[in-house]
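Here are my notes from going through this one. Have the structure open while you read, and take the points in any order you like.

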Amino acid sequence: MHPELARLVYEAKTVAVLTGAGISTESGIPDFRSPGGIWSQFRIIEYAEFMASEKARLEDWRRRFAMEDQLGEVKPNRGHEMIARLVASGKCPAVITQNIDGLHQASGIPDDKVIEVHGTARHARCTFCGTRHEIAECRAMLEKTARAPVCRECGSVVKSAVVMFGEAMPEVAFARAVEVAENCDLFLTMGTSLVVHPAASLPVHALRAGAKLAIVNREPTGLDDYATLVLNGEIGELAGN
Ligand SMILES: [Zn+2]
């Protein structure tokens with residue numbers, strides 16, 4: 001780890017971590033929003049359209065299955081491993097992530113210590129009763145019926161657990177993220193340009209509560225001036241062993 005980052009982490013009692021797309025690029029996952037990313041090739045399907053149109057649902061599922069095929073092969077990298085060690089040490093109560101790739105859990109962090117503010121692509125849920133459905137199960141259903149998957153419990157629309165454009169953010173997860181931010185003395189952001197709200201406001205909550213801010217990202221961010229430490233470069237090199 002970069003010596004200045006190591007010192008800040010060592011001196012802190014409680015470290016909150018926020019991660020974005022930049023931490024997963026070393027694992028081979030493209031930044032889905034960036035040029036060339038999976039979403040830039042497609043028209044955006046918003047939540048309301050998904051709920052209203054079978055055609056939109058079929059198109060969304062086709063994309064989810066393509067993403068699932070990509071995600072199935074990726075593994076956590078040095079950045080994820082550094083955070084997993086931090087959580088295992090007891091110093092980091094939870095990692096807050098904007099990512100939907102499930103790589104923090106794959107690095108060994110228990111599910112209840114990962115706060116996914118944009119949801120997850122690793123499973124799906126019924127939009128009415130909330131019953132969890134596996135992606136493979138949804139795929140089998142679609143292939144069998146040529147219809148978008150419906151809930152095995154209540155028959156309602158099933159949707160990937162990713163927060164869609166136009167869909168409300170998961171309030172419980174976000175409230176927990178704010179609580180973590182307000183109760184740390186070091187807030188560390190890794191691989192996020194801090195432009196997507198409301199996650200981008202979390203470091204501000206931490207700063208207001210008196211925490212130090214450390215930013216590790218490839219490019220500058222809008223909060224660099226408020227940070228005790230800014231490291232621009234490859235996350236794996238700056239955070240890894
Ligand atoms: Zn249901």
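1. Start with helix 7, residues 171–182. Its twelve residues reach 16 Å from the first C-alpha to the last, close to the 16 Å expected at 1.5 Å a residue. Keep in mind throughout that this is a predicted model.

2. Which residues of helix 7 are buried? They are Ala173, Phe174, Ala177, Val178, Val180 and Ala181. These residues sit on the same side of helix 7 because they cover an arc of only 160° around the axis. Turn to the face pointing away from that buried side and you'll find the exposed residues Glu171, Val172 and Glu179. As for what the buried residues of helix 7 pack against, the partners are strand 1, strand 2 (95–97), strand 3 (114–116), strand 7 and helix 8 (202–208).

3. Now the largest nonpolar core, which has 26 residues. Leu5, Val17, Ile83, Leu188, Met190 and Val216 are the ones with the most contacts inside it. At least two residues of this core come from each of helix 1 (3–11), strand 1 (15–19), helix 4 (78–88), strand 7 (186–190), strand 8 (212–217), strand 9 (229–232) and helix 9 (235–239). Helix 4 gives the largest share of this core, five residues. There's also a second, separate core of 24 residues, and Ile96, Ala177, Ala199 and Leu213 are among its members.

4. Leaving out residues up to four places away in sequence, methionine 190 touches Val17, Leu18, Thr19, Gly20, Ile23, Gly79, Met82, Ile83, Val216, Ile235 and Ala239.

5. What are the protein donors of the zinc ion? They are the SG atoms of Cys126, Cys129, Cys151 and Cys154, lying 2.3 to 2.4 Å from the metal. The angles among the four donor atoms run from 102 to 120°, and the site is tetrahedral. For reference, the ideal angle for four tetrahedral donors is 109.5 degrees. In sequence, the donor residues follow the spacing C-x2-C-x21-C-x2-C.

6. Is serine 156 buried or exposed? Its relative accessibility is 19%, so it counts as buried, the cut-off being under 20%. Serine 156 touches Cys126, Phe128, Val150 and Cys151, not counting residues up to four places away in sequence.

7. A few backbone spots to check. Alanine 146 has a positive phi of about 60° although it is not a glycine. You'll find alanine 146 in the loop between helix 6 and strand 6, where it is exposed, with a relative accessible area of 55%. Leucine 194 also has a positive phi, near 55°, and isn't a glycine either. Leucine 194 is in the loop between strand 7 and helix 8, and it is buried at 10% relative accessible area.

8. Staying with the loop between strand 7 and helix 8, that's where proline 198 is found. A cis peptide bond joins histidine 197 to proline 198, with omega about 5°.

9. Last one: threonine 25, in the loop between strand 1 and helix 2 (47–52). With a relative accessible area of 27%, threonine 25 is partly exposed. Threonine 25 and glutamate 234 are 209 residues apart in sequence, but C-alpha to C-alpha they are 9.7 Å apart in space.

Technical notes: Residues are numbered from 1 along each chain as its sequence is written. This is a predicted model: local features need pLDDT of at least 70, side-chain atom pairs count only at pLDDT 80 or more; totals for chains, interfaces and linings use all residues. Side-chain values use heavy atoms; hydrogens and water are left out. A nonpolar core is a set of buried Ala, Val, Leu, Ile, Met, Phe, Trp, Tyr and Cys residues joined through side-chain atoms within 4.5 Å. Buried means under 20% relative accessible area, exposed over 50%, partly exposed in between (1.4 Å probe, protein chains only). Helices (H or I, at least four residues) and strands (E, at least two) are DSSP runs, numbered from the N terminus. Contact means heavy atoms within 4.5 Å. The expected span of a helix is 1.5 Å times one less than its number of residues. The arc is that of the directions from the helix axis to the C-beta atoms. Donors are N, O and S atoms within 2.8 Å of the metal (3.2 Å for Na, K and Ca); water is not among the atoms, so sites may look incomplete. Four donors count as tetrahedral if all angles lie between 85 and 135 degrees; four count as square planar and six as octahedral if opposite donors are over 155 degrees apart and all others between 65 and 115; anything else is irregular.
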